[in-house]
Amino acid sequence: MSEEKDDIEKILSDYKERRDNSEREPILPLEPPKRREDYIDFSKPDEEEESNKKPKKPKKTPEELEKIKALKKEKAEKTKEKSKAILKKIKKGLFNKRNLIILISLAVVVTGIFGIKYAVEQSKSAYLKPYQQKYPDAEFQVGMLEKYCDKFGQNPNTVGFLEIPDIELRTAVSSDKNTFPNAQGCTKGAEQFNYVVYLDDNSLESIYSSAQAYNNSSGYMLYSDLFNEYSFKVVGAFYTNTKAEDDGGYIFPYNVTEKMTVDSMADFISKLESRFIYTTGVNVTRQDTLLTISCPTDYREDFRFVVVGVLRDDADSKWTATEKSKIHYQQVIYDEMGIDNPYRFASKWYPEIIVTDKEGNEKTIQKSIEDYK
């Protein structure tokens, strides 16, 4: 126990002695870092300074340089030879007799396809060449029926051909509104469902102005857009105003030519059929293509007589017309008759048509009275 006590006292004594010494001896401050001038002797010449650097590698002799150059050239030649050998193998595999026959056959097939395509295109347009030479100012299109080429060449404004047997009418139809007969245009990008043609004589009115007259008629009309020929059966007829004040500020757009939205087409069919002065028992549908003939009339000033046909293949079969008890007239007629207009609350509807742009995107356009005045 006494030994342990002595050790402790010895440790404490040593600690006390070190502490006393540290208090007596002051801590010396750190030396500041040496400046560049303190460790570089600028008085020495450059040669002596350079001698402290690593010695440069000795320059190669011309013989050694030539040897290195020759080795590089030899390596490049070997690489080139390997590339040639690989290319030769590829060519050998590609152009062996069997593969060469296949390649030639493919070339013949491809050439044949393009040749056939070119020949087909040429054959399609071959019939137009005499007319193109005869009428250099007319722009003939492939697919145009040859029977109409002379008419188109003589008048490039020709857009159709109309035939109505009941009035012995066979005539070209122009796009020029100052020429009769003329056709209503179609908005660019829209699909046409109704061919509207304006005549300048009223001879058709006596044929279709009543159910009895209808039943004595042929009941059909023919129309061509110069590319196709269509047969239409007359489904109805009506009178319409051309001035808005005759019908409470409204003009029914019977002459809309463009395909419409589903709802708009349903409204059009409903308003069209309500105006027919007789019924044939045939309903117009959204899938139908129409031919609408608009004629002048003596019935009333600024009115027109309109005959509507639907595209049908069975032109030989006849429909029977019967008189209607309820017809949608214009307001001015109800006023003259002194009776209430049962359609006075009907909407002043104008079509919403569908137009497709070059990228195939569809949009709708709402038409107004300004489009049908």
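**View 1. The lining of the largest cavity is sorted here by residue class.** In this predicted model, seven nonpolar, two polar and one charged residues make up the lining of the largest cavity. Its volume is about 60 Å³. Look for Phe 238 and Tyr 239, then Arg 275 and Ile 277, then Tyr 299 in the lining. The rest of the lining comes from Ile 327, His 328, Tyr 329, Gln 330 and Ile 333.

**View 2. This close-up visits the second largest cavity.** Its space comes to about 30 Å³. Phe 193, Lys 259, Met 260, Met 265 and Arg 286 line the second largest cavity. By class, three of these lining residues are nonpolar, none is polar and two are charged. In total, the structure holds two cavities of 30 Å³ or more.

**View 3. Here we turn to the largest pocket.** The volume of the largest pocket is about 370 Å³. There are 19 lining residues, and Thr 158, Val 159, Asp 225, Leu 226 and Phe 227 are the closest to the centre. Two elements each give two or more residues to this lining: strand S1 (158-164) and strand S4 (194-198). Sorted by class, the lining of the largest pocket has eleven nonpolar, seven polar and one charged residues.

**View 4. Our last stop is the second largest pocket.** The second largest pocket holds about 300 Å³ of space. Of its 15 lining residues, those nearest the centre are Gln 184, Tyr 198, Tyr 254, Asn 255 and Lys 373. The lining of the second largest pocket has five nonpolar, six polar and four charged residues.

Technical notes. Residues are numbered from 1 along each chain as its sequence is written. This is a predicted model: local features need pLDDT of at least 70, side-chain atom pairs count only at pLDDT 80 or more; totals for chains, interfaces and linings use all residues. Side-chain values use heavy atoms; hydrogens and water are left out. On a 1 Å grid over the protein atoms alone, a cavity is a set of points where a 1.4 Å probe fits but cannot get out, and a pocket is an open set with protein on both sides within 12 Å along at least five of seven lines; lining residues have an atom within 4 Å of a point. Grid points are joined across faces, edges and corners, and a volume is the space filled by probe spheres set on the points. Helices (H or I, at least four residues) and strands (E, at least two) are DSSP runs, numbered from the N terminus. Ala, Val, Leu, Ile, Met, Phe, Trp, Tyr, Cys and Pro count as nonpolar, Asp, Glu, Lys and Arg as charged, and the others, Gly among them, as polar.
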